[in-house]
Amino acid sequence: SVLTVACEQTEVLLFDPISSKHIKTLSEAHEDCVNNIRFLDNRLFATCSDDTTIALWDLRKLNTKVCTLHGHTSWVKNIEYDTNTRLLVTSGFDGNVIIWDTNRCTEDGCPHKKFFHTRFLMRMRLTPDCSKMLISTSSGYLLILHDLDLNKSLEVGSYPILRARRTTSSSDITSSGSSGPRAVGSPCHQNDSGPLSEKHMSRSSQREGGSPRNSLEVLTPEVPGERDRGNCITSLQLHPKGWATLLRCSSNTDDQEWTCVYEFQEGAPVRPVSPRCSLRLTHCIEEANVGRGYIKELCFSPDGRMISSPHGFGIRLLGFDAHCSELVDCLPKEASPLKEIRSLYSHNDVVLTTKFSPTHCQIASGCLSGRVSLYQPKF
């Protein structure tokens with residue numbers, strides 16, 4: 001019922017998405033750029049900022065913040081929320097993932113703890129059932145924490161590391177021919193032999209091939225055309241049913257940009273000694289690569305059948321096939337192109353973000369110059 005917009009110049013805007021009426025401007029929501037907004041329930045929402053803080057707000061009383069959360073030491077870029085435990089999860093460019101106990105919030109803040117740390121952190125997401133945490137990095141690695149337990153802090157070296165490898169578009173995901181990621185971009189420290197260090201694997205994982213709680217998998221997602229040059233994973237989203245992850249990648253030379261879909265491969269490797277690979281590239285499409293250096297946030301539709309992707313001065317609606325079928329009904333053996341269903345252009349600047357309404361046939365997009373557009377597409 002409310003469209004909230006995070007703005008560069010310390011502001012948060014609130015609109016009625018049906019009438020397009022402007023409701024309110026929080027002119028000094030933060031002291032620096034506002035990066036992300038997350039609703040915790042029908043009235044409470046959180047904002048995060050380059051001022052290193054997170055703020056909690058109540059729609060019924062927007063004149064003041066519920067509280068301000070201090071704990072990060074650099075720009076805070078991402079907010080997630082576990083509805084089961086009511087724990088707020090944030091990540092920032094300090095490399096930290098921090099857990100906040102919103103059950104015990106006061107005007108002075110919330111009890112919190114550092115949950116995880118890695119270099120080059122860009123985005124962090126929880127799967128819909130909160131069983132996994134995915135973290136993307138500017139060095140091209142994707143980290144997956146399996147069987148997630150947010151109540152347990154992860155100190156350096158304390159988490160078991162599953163054998164990992166580069167993802168593949170082939171249906172054979174258990175062959176041992178691919179090499180794992182290089183240690184230079186790994187979350188492991190220099191005193192480890194590498195991200196696949198045997199000493200971090202739990203005995204239960206080695207014996208049964210299963211995943212212990214908070215076990216870490218390190219992947220280098222395959223991106224078309226980027227085999228040798230490497231890439232930066234700038235945007236990370238998850239399928240609403242938890243079937244897949246959606247990545248926006250740009251090459252290290254910043255001359256190519258791709259949207260890629262990776263299906264989750266559940267279960268352990270066939271053999272405990274085989275490299276684990278939980279993701280398989282199923283669909284991809286090259287993007288316009290307009291507005292280099294800016295992150296473009298894309299999203300799934302609420303039913304997971306379409307993707308809305310910033311494309312130059314507009315957005316593209318993409319499907320897994322021309323009929324907007326479910327992902328599970330059109331899984332290819334090899335990676336296939338995403339199908340362009342429709343393009344929508346109404347901006348005079350580069351579109352940086354887009355979002356589907358969870359309840360209405362409506363899409364919102366926002367561009368670099370600050371304009372917000374609402375669409376009700378007709379097919």
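There's one disulfide in this predicted model, a disulfide being a pair of cysteine sulfur atoms within 2.5 Å. Cysteine 105 and cysteine 110 make it, with their sulfur atoms 1.9 Å apart. The torsion about their S-S bond comes out at about 50 degrees, so the disulfide is right-handed.

A word on ground rules. Residues are numbered from 1 along each chain as its sequence is written. Since the model is predicted, local features need pLDDT of at least 70, side-chain atom pairs count only at pLDDT 80 or more, and totals for chains, interfaces and linings use all residues, while side-chain values use heavy atoms, leaving out hydrogens and water.

| Cysteine | Relative accessible area | Class |
|---|---|---|
| Cysteine 105 | 27% | partly exposed |
| Cysteine 110 | 9% | buried |
| Cysteine 48 | 0% | buried |
| Cysteine 299 | 3% | buried |

On to the rings. The structure has three aromatic pairs. Rings of Phe, Tyr and Trp (its six-membered ring) pair if their centres lie within 6.5 Å; planes under 30 degrees apart count as stacked, over 60 as edge-to-face and the rest as tilted.

Take phenylalanine 45 and tryptophan 57: ring centres 6.4 Å apart and planes at 15 degrees, so this pair is stacked. The pair links distant parts of the chain, twelve residues apart, with phenylalanine 45 in strand β5 (residues 44–49) and tryptophan 57 in strand β6 (residues 53–58). Strands (E, at least two residues) are DSSP runs, numbered from the N terminus. Phenylalanine 45 and tryptophan 57 are both buried, and together with Phe39 they form one aromatic cluster.

Tryptophan 75 and phenylalanine 93 have ring centres 6.0 Å apart and planes at 35 degrees, so that pair is tilted. These two are 18 residues apart, tryptophan 75 in the loop between β7 (67–70) and β8 (76–82) and phenylalanine 93 in the loop between β9 (87–92) and β10 (96–101). Tryptophan 75 is partly exposed at 42% relative accessible area, and phenylalanine 93 is partly exposed at 33%.

A charge sits over a ring if NZ of Lys or CZ of Arg is within 6 Å of the ring centre and within 35 degrees of the ring normal. Elsewhere, lysine 132 puts its charged end over the ring of phenylalanine 264, 5.5 Å from the centre.

Conventions. Buried means under 20% relative accessible area, exposed over 50%, partly exposed in between (1.4 Å probe, protein chains only). Helices (H or I, at least four residues) and strands (E, at least two) are DSSP runs, numbered from the N terminus.
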